[in-house]
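Student: Could we go through the cavities, pockets and salt bridges of this structure?
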Amino acid sequence: MPVSGTAKSQDLASADALLTLKDLTLRFKGQTNDVVHSVSLRVRQGEVLCVVGESGCGKSVTSMAIMGLLPGKATQISSGKLSFLAQDWDLATDCLPTEVRGREIAMIFQEPMTSLNPSFRIGDQIAEAVQRRRGNSRTEALERAEVMLQRVGIANPKQRLRAYPHQLSGGMRQRVMIAMALANDPQILIADEPTTALDVTIQAQILDLIRDLRDETGMGTLMITHDLGVVAEVADTVAVMYGGQVVEQGPVAEIFNNPQHPYTIGLMSAMPRLDRPGERLAIVPGTVPTISNMPEGCRFRTRCAFATAACAQRPKLRDVASEHEVACHFAPLETHVKVSA
Ligand SMILES: Nc1ncnc2c1ncn2[C@@H]1O[C@H](COP(=O)(O)OP(=O)(O)OP(=O)(O)O)[C@@H](O)[C@H]1O
Ligand code: SF4
Ligand SMILES: [Mg+2]
């Protein structure tokens, strides 16, 4: 199914970058290989960037590094420049101040249960966050909490404000987390698999909410997902990660309709269908090497049907079309793939 996103993406080309990550490279202490290598990402105002890739490719670690949430003692960041709100941080030596992180960037985590305090009513937790960051009165903050619960599809929101986390289902707790993250109109939302645990109807409602906030406030979103249906529905741009590196990135229509990296072509071989949300990335033959066994040069070469001796050199990301970058020595591969198919 072709995905149309070109017009939106072209519009965005002129918009300002809200958040830019440049050349993030890190490893966990004791490891001999980088878990994330030279990753650069950009989210512009009103843009949804979806980051996709198989389990273990470094998506969550990248988002945690942006947020400054990796354990300092166990992590060695050798490079990484973060630009946000016209300020720069060198992630090798510094991280986002807590107040910027809390007020201007919101994060929805992959594991929702770890983020709600079991001892407080959910209304109080959302209201407290709103009061702390927006300076509203308690009444205003509770009203805001109620509106947000309604917007994430929670019935009887007024009553639910009084519930404790354990009185809610896992899906509802995830929606509370989303409501709390979005209650303060953040400039950037970082969402790690935000809708995986939710049923299809609620998932659609959450995606609508993210789109509405994008339109209402210009919020930018960096969303990590395995779900190609979600990507097709919300993404303006897509970054494909493999083995801790971005191997391809560009406007969503380019990535779906004209993938150029052999790994992306493999992932896209199960094309998403909006009438079948929840369809996940296709299985690419072979297994991802562990970080310590990553090959030199192109990290995909142990699984790539097109690998040659040249692939012992690491390919750099380079433009193959406007805003469309690929890290493969032989890109564009289109003709090659068509002949082989
Ligand atoms: N604290 C840590 N210490 C050591 N290794 C870690 C740590 N956190 C993550 N890793 C490793 O880093 C790699 C990248 O992990 P990450 O969680 O970013 O993957 P992911 O792309 O988010 O996968 P998934 O889709 O399963 O969530 C994995 O090999 C993982 O085992
Ligand atoms: S550089 Fe070589 S191994 Fe890597 S994706 Fe391209 S053809 Fe395959
Ligand atoms: Mg993850």
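Student: Which element gives the largest share of the lining of the largest pocket?
Tutor: This is a predicted model, in which local features need pLDDT of at least 70, side-chain atom pairs count only at pLDDT 80 or more, and totals for chains, interfaces and linings use all residues. Residues are numbered from 1 along each chain as its sequence is written, chains are lettered from A and ligands numbered from 1 in the order in which they are written, and side-chain values use heavy atoms, with hydrogens and water left out. Helices (H or I, at least four residues) and strands (E, at least two) are DSSP runs numbered from the N terminus. The largest share of the lining, six residues, comes from α4.

Student: What is the volume of the largest pocket, and which residues lie closest to its centre?
Tutor: On a 1 Å grid over the protein atoms alone, a pocket is an open set of points with protein on both sides within 12 Å along at least five of seven lines, a cavity is a set where a 1.4 Å probe fits but cannot get out, and lining residues have an atom within 4 Å of a point. Grid points are joined across faces, edges and corners, and a volume is the space filled by probe spheres set on them. The volume is about 500 Å³. Of the 22 lining residues, the closest to the centre are G102, M107, F109, R132 and R133.

Student: From which domains does the lining of the largest pocket draw at least three residues each?
Tutor: Elements that give two or more residues to this lining are α3 (98-103), β6 (105-108), α4 (122-134) and α7 (170-182). Domain bounds come from an automatic or database domain assignment. The domains are domain 1 (6-104 + 186-340) and domain 2 (113-185).

Student: Which space does ligand 2 take?
Tutor: A search of the whole structure finds one cavity of 30 Å³ or more, and the largest cavity has a volume of about 100 Å³. Its 13 lining residues include P262, C298, C304, C311 and C328, the closest to its centre. Residues around ligand 2 (a heavy atom within 4 Å) include H261, R301, H329 and F330. With more than half of a molecule's atoms within 2 Å of the grid points as the test for sitting there, the space taken by ligand 2 is the largest cavity.

Student: How far apart are the closest N and O atoms of E323 and R42?
Tutor: A salt bridge is a side-chain nitrogen of Lys or Arg within 4 Å of a carboxyl oxygen of Asp or Glu, and the count comes to 14. E323, in the loop between β11 (318-321) and β12 (324-326), and R42, in strand β2 (residues 36-44), are 281 residues apart in the chain. Their closest N and O atoms are 3.9 Å apart.
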